[in-house]
Amino acid sequence: MRPAHRVVPPVVLICLLLAGCSSVQLGNPTAAASNSPAAGAPATAAPADGGKAIAVGAGPQKHYTVQQQPPAGSCHYRYEHGEPLEDRACTPGAISPAVTQANLKSTICRKGGYTSGVRPSAYVTGKEKRLNAASYGYTGRMADAEYDHLISLQLGGDPNDPRNLWVEPADPGHKKGAGVNNRKDPVETKLHTAVCAGQITLAAAQQAIVTDWNTALTALHLGS
């Protein structure tokens, strides 16, 4: 008996012929997905003047909630010229997506102020401050320490991102019980004035603060 021969359907034959020419592809979903940011990865702002990229937080919220803080004892203060500085791993800073170089006049530089409208309530920050004090092992008087935005609100810092908030101890020589009086505050005000006057960019001011607020004004040629 003669062996039976299968007849290849024309449709299958055409598909086989086309498969041999598949080296040129019009789309590659797998490759495209591999080039996309991982889901849930934190956004970052482009670094200024070659500095490290700064994380972008959630921005102003209608209702703030108490944010989880680093584990107790996991953060450690640094000291430069006797001034306490944040732990860069625990508090690297975070900026608000609501404030950009393009909208300064309608945000941080607008008349009537900006910060009061985006600042979390004391109910929220009070709880966060106590938790963050444990993170940093702070044991001093809470009334003498400031729950500080590393990148201040007037410089477009994120209002309630835990990466942008830390318990800042009092300055050297501070009288116990005298309340908050940190030298970082006037530095932030000078930077804000310079940003709104067009002397420096918002990104440059933010980068200078996260690098070292002690040297921020000198680094940007704004005095000391």
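Q: How many residues does α5 have, and how far does α5 reach from its first C-alpha to its last?
A: α5 has 13 residues and reaches 19 Å. That is close to the 18 Å expected at 1.5 Å a residue. The expected span is 1.5 Å times one less than the number of residues. Helices here are DSSP runs of H or I with at least four residues, and strands are runs of E with at least two, numbered from the N terminus.

Q: What kind of model is this?
A: This is a predicted model, where local features need pLDDT of at least 70, side-chain atom pairs count only at pLDDT 80 or more, and totals for chains, interfaces and linings use all residues. Residues are numbered from 1 along each chain as its sequence is written, and side-chain values use heavy atoms, with hydrogens and water left out.

Q: Back to α5. Which residues in α5 are buried?
A: K184, V187, E188, L191, H192, A194 and V195. Buried means under 20% relative accessible area, with a 1.4 Å probe and protein chains only.

Q: Where do they sit around the axis of α5?
A: They cover an arc of only 165°, so they are on the same side of α5. The arc is taken from the directions between the helix axis and the C-beta atoms.

Q: Why do residues three or four places apart point the same way in an α-helix?
A: An α-helix has 3.6 residues a turn, so residues at that spacing point the same way.

Q: Zooming out, how many helices and strands does the protein have?
A: There are 7 helices and 7 strands. Along the sequence the pattern reads α-α-β-β-β-β-β-α-α-β-β-α-α-α.

Q: And how much of the protein is buried?
A: Of the 224 residues, 38% are buried.

Q: New topic: what is the volume of the largest pocket?
A: About 320 Å³. A pocket is an open set of points on a 1 Å grid where a 1.4 Å probe fits, with protein on both sides within 12 Å along at least five of seven lines. Its volume is the space filled by probe spheres set on the points.

Q: Which residues lie nearest its centre?
A: R119, E146, Y147, D148 and H149, out of 17 lining residues. A lining residue has an atom within 4 Å of a point. α4, β6 and α5 each give two or more residues to this lining. β6 gives the most, with 4.

Q: How does that lining divide by class?
A: Into 5 nonpolar, 6 polar and 6 charged residues. Asp, Glu, Lys and Arg count as charged; Ala, Val, Leu, Ile, Met, Phe, Trp, Tyr, Cys and Pro count as nonpolar; the others, Gly among them, are polar.

Q: What about the second largest pocket?
A: That one holds about 250 Å³ of space. Its lining has 14 residues, with K52, A53, R88, P92 and V210 nearest the centre. α6 gives the most, with 3 residues.

Q: How many aromatic pairs are there?
A: The structure holds 3. Rings of Phe, Tyr and Trp (its six-membered ring) pair if their centres lie within 6.5 Å.

Q: Why does the pair of Y77 and W166 count as tilted?
A: The ring centres are 6.1 Å apart and the planes are at 55°, so the pair is tilted. Planes under 30 degrees apart are stacked, over 60 edge-to-face, and the rest tilted. Y77 is in the loop between β2 and β3, W166 is in β7, and they are 89 residues apart.

Q: Which residues do ring pairs link into a cluster?
A: Y77, Y136 and W166. Y77 is buried at 17% relative accessibility, and W166 is buried at 0%.

Definitions and conventions
Buried means under 20% relative accessible area, exposed over 50%, partly exposed in between (1.4 Å probe, protein chains only).
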